[in-house]
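The tour moves from stop to stop.

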Amino acid sequence: MGVWEVVEHPEGASGIDSTWAFRIKCFPDGLVKKFKAHFCVRGDQQVHGIDFFETYAPVVQWTMVRLMLILEVLLSLKSKQGDITAAFVHADVEEGENIYVEMPCGVRKQGKVLKLKKTMYGYAKARVCVTNTGRIVVSGYLQKS
């Protein structure tokens, strides 16, 4: 997916810590279905005003939701919900921004860090980058700009 590249640790640049998030998915009867692992950036260690300057949380007004439901009923339309799987790893890092992440436990190399090309889960500015990315192509669908 080209999310990062391994580079030499630049002098004067600090790397954001990383962590693994593990989860066990089970069947309803309790048997293990599969093991899942996510590689995440420790965004809780980023400081506003130093590591990032803006964040974004997309929200909708309830009046808009009600309006859409009323139009759906009046015009006999059908609504569907969509989700972009792994949207955070599809958004490019902003131009001119260098984000360095410490390599995860188990694969650390002396003097090496990961330079992000795309955002990752946990990165404080990930939502801004997802929103600012002009078009995201996932499973044949385009995000409208």
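Here are the stops, with what to select at each.

This is a predicted model, so local features need pLDDT of at least 70 and side-chain atom pairs pLDDT 80 or more, while totals for chains, interfaces and linings use all residues. Residues are numbered from 1 along each chain as its sequence is written, and side-chain values use heavy atoms, without hydrogens and water.

**Cysteines.** Select Cys26 and Cys40. Cys40 is buried at 15% relative accessible area (buried is under 20%, exposed over 50%, partly exposed in between; 1.4 Å probe, protein chains only). Cys26 is partly exposed at 45%. The structure holds zero disulfides (cysteine sulfur pairs within 2.5 Å).

**Positive patch.** Select Arg23, Lys33, Lys34 and Lys36: together they form a positive surface patch. Now colour strand S3, residues 32-41. Strand S3 gives the most to this patch, three residues. Lys33 lies in S3. Strands are DSSP E runs of at least two residues, helices H or I runs of at least four.

**Nonpolar patch.** Next, show the surface of the nonpolar patch, about 870 Å². Its members include Val60, Met64, Ile70 and Leu74. Leu74 sits in helix H1, residues 62-74. Leu74 is exposed, at 65%.

**Last stop.** Select Glu102, in the loop between strands S4 (100-101) and S5 (112-116). Glu102 is partly exposed at 22%.

Definitions and conventions:
Patch = residues over 30% accessible without salt bridge, like charges linked within 9 Å, V, L, I, M, F, W, Y side chains within 5 Å. Areas by Shrake-Rupley, 256 points an atom, 1.4 Å probe, with all protein chains shown as cover. Salt bridge = Lys/Arg side-chain N within 4 Å of Asp/Glu carboxyl O. Lys, Arg positive; Asp, Glu negative; His and termini not counted. Charge placed at Lys NZ, Arg CZ, Asp CG, Glu CD.
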